[in-house]
Amino acid sequence: MNRINQKLSEDKKMLSLYFTAGYPAINDTVSILTQLQESGVDMVEIGLPFSDPLADGPTIQESSTAALKNGMTTQLLFDQLKDIRNTIHIPLIVMGYFNPMLQYGVEKFCAQCQEVGIDGIIMPDLPLAEYEAEYKAIFENYGLINIFLITPQTTDDRIKQIDAASDGFIYMVSSASTTGNISGFGNIQSDYFKRIAAMNLNNPQVVGFGIKDSETFIAATEYQKGAIIGSAFIKHITENGADSVADFVKTIRK
Amino acid sequence: MNTLERETSYQADERGYYGDFGGAFIPEMLYPNVEELRSQYIQIMEEPSFQEEFHQLLKDYVGRPTPLYYAERFSKKYGAKVYLKREDLCHTGAHKVNNTIGQILMAQRLGKTRIIAETGAGQHGVATATVCALMGLECIVYMGAIDIERQAPNVARMKMLGATVKPAESGSKTLKDATNEAIRDWINNPVDTHYIIGSVVGPHPYPDMVARFQAVISKETKAQLLEKEGRENPDYVVACVGGGSNAAGLYYHYLDQPEVGIIAVEAAGKGIDSGESAATSALGREGIIHGSKTLLMQTDDGQITEPYSISAGLDYPGVGPMHAHLFRSGRGEFISVTDDAAMQAGLQLSKLEGIIPAIETSHALAIFETRKFKEDDVVVINLSGRGDKDLNTYIEYFGL
């Protein structure tokens, strides 16, 4: 069983964190992963930086620009993750944009993921139709779960279509927004969370975008299986240093 | 009506592909907006009331049809029969307004009340601000912070027209980053906002929709050439290509006429191998930018690189997917022209014909120095824009 599915089957709300590989320093990747696991985080999205991250707000844009300036590349990330499964046992997802994957070679990328022990992939700009027509067989061949997004604007028909194409969880974007751009959750979010929960989808849902503290984590996981934090975590390590991971996690799960 | 009907074999298929290029590589957050447009744009464009309003505005407001002018002295110098399609005489000074008129009518019919756009040199921003003023709609234009400094007169024009100009402070702070910011705005405002893209780029259906609005250029050219030469088809059509909207408009009705040679002129900047160039067909590889699979200037690792050209309208790291297909299929002949050659060609047209062209357009004019034609070849060049906006660059370059 894929580590993602295994984790989803556990009877607890999942806390997942995103960080940009190569940020703040080029070789922080393994150390951040280790601290995240030790702090009790359930799953991690490792961000592969891209020059033009159009679904991201300023925080992740800036961490991506800095990571690229530090010299992060697709190959370097795989090299850094080479022995990661000797010590890290929680599910790992690579999250990025499709162009770097395309240039590396989709099949080679997937093969490398499998080799180092990556469990899933999130490519926001690889849409469902393209994935199913061109790449699904390759992802599956290397045991990788592809995670799709839905938003408050996604129609019920399309949610069902995405649910049918998914085998893991559905990434619920909390609002019509880029990352790190939401001040808090209101009625729109709680109605949306309830509406999706009531659809009884095959796949559990994990909420992302706008989760930044214990309060928003609790709100996001009232009806859903888990939540993902990105921008708020990156802000924390920007301000407090890459060895302060545990301090942040403690503020979320008190 | 068959919404999948393709007017030429070089048009997008139902998935938005031109051969290997195109598609809609967009995050799910944009799917509802793009799908709303995709499912309705053909039907809306084909409504008689839309056509009537579009053509009335092109006539009375834009000043169409633009003349097809036989450039006698230029022709004599280069030994070919050269016609200039005078898009520079359009209201706002370039072909860009053909598209913004079309898209503002589209936005109204989709019930949108807020318009966003990206701009590089500011021409598309001005054309968008103009139609928003015309229709009384809110207008926000994203422009790279560096371009805002370089193009102060166009920033002032947009402000006079009532638009809000927002600086793109991310990345390299130029056109591609302004486009990223406009896309981010659209993600954050998915219900009331229409994004007026300025070229034949972006996710399907934008390349196809913008090409259809610009197709009026070749439609008029056919009728005008028939009158002047007794035939609709020239031997060649020539246009500069950044994203490629003026070229798409001039090529459109000639794509399936194999006897018409298609020449696309890209900006070589300081030279193809100088590291400061925007010649995408020579330097680009297949990749994804702004939701479209196309030829793209990028690093080995798939990071998008910053192009360079003296002309702010040509320094886009990608090219419209239709043009990528024309290049790969061999249907189009691609030539690149350096800054220096373009500047000289601009000066020359000014002196020979009394027309000061935009520097983008000067690239298309420059090919006559090296690309030889036959005496009786009829060549139509799209004179896509006027040079007023470039006076400072001309002044600095020539020490005028």
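Colleague: Which residue ranges make up the two domains of chain B?
Modeller: This is a predicted model, in which local features need pLDDT of at least 70 and side-chain atom pairs count only at pLDDT 80 or more, while totals for chains, interfaces and linings use all residues. Residues are numbered from 1 along each chain as its sequence is written, chains are lettered from A and ligands numbered from 1 in the order in which they are written, and side-chain values use heavy atoms, with hydrogens and water left out. With domain bounds taken from an automatic or database domain assignment, chain B has domain 1 (27-59 + 96-205) and domain 2 (63-94 + 215-398).

Colleague: How much area do domain 1 and domain 2 of chain B bury between them?
Modeller: Over C-alpha atoms, the centres of domain 1 and domain 2 of chain B are separated by 23 Å, and 26 residues of domain 1 are in contact (heavy atoms within 4.5 Å) with 29 residues of domain 2. Buried area is the accessible area (1.4 Å probe) that two parts lose on being put together, summed over both. For these two domains of chain B, with 60% of it on carbon and sulfur atoms, that comes to about 2200 Å².

Colleague: Which helix gives the most residues to the side of domain 1 of chain B that touches domain 2 of chain B?
Modeller: Between these domains of chain B there are 11 residue pairs in polar contact, both residues at pLDDT 80 or more; a polar contact is a pair of N or O atoms within 3.5 Å, where within protein one must be able to donate a hydrogen and the other to accept it, and residues adjacent in sequence count only if both atoms are side-chain atoms. Helices are DSSP runs (H or I, at least four residues), numbered from the N terminus, and α2 (48-62), α4 (96-109), α5 (123-135) and α8 (175-188) of chain B each supply at least two residues of that side of domain 1. The most, five residues, come from α8(B).

Colleague: How many salt bridges does the rule find across the interface of chain B and chain A?
Modeller: Here 35 residues of chain B are in contact with 39 residues of chain A, and the two chains bury about 2800 Å² between them. A salt bridge needs a side-chain nitrogen of Lys or Arg within 4 Å of a carboxyl oxygen of Asp or Glu, as in A:Glu130 with B:Arg15, whose closest N and O atoms are 3.5 Å apart. Across this interface of chain B and chain A, the number of salt bridges found is three.
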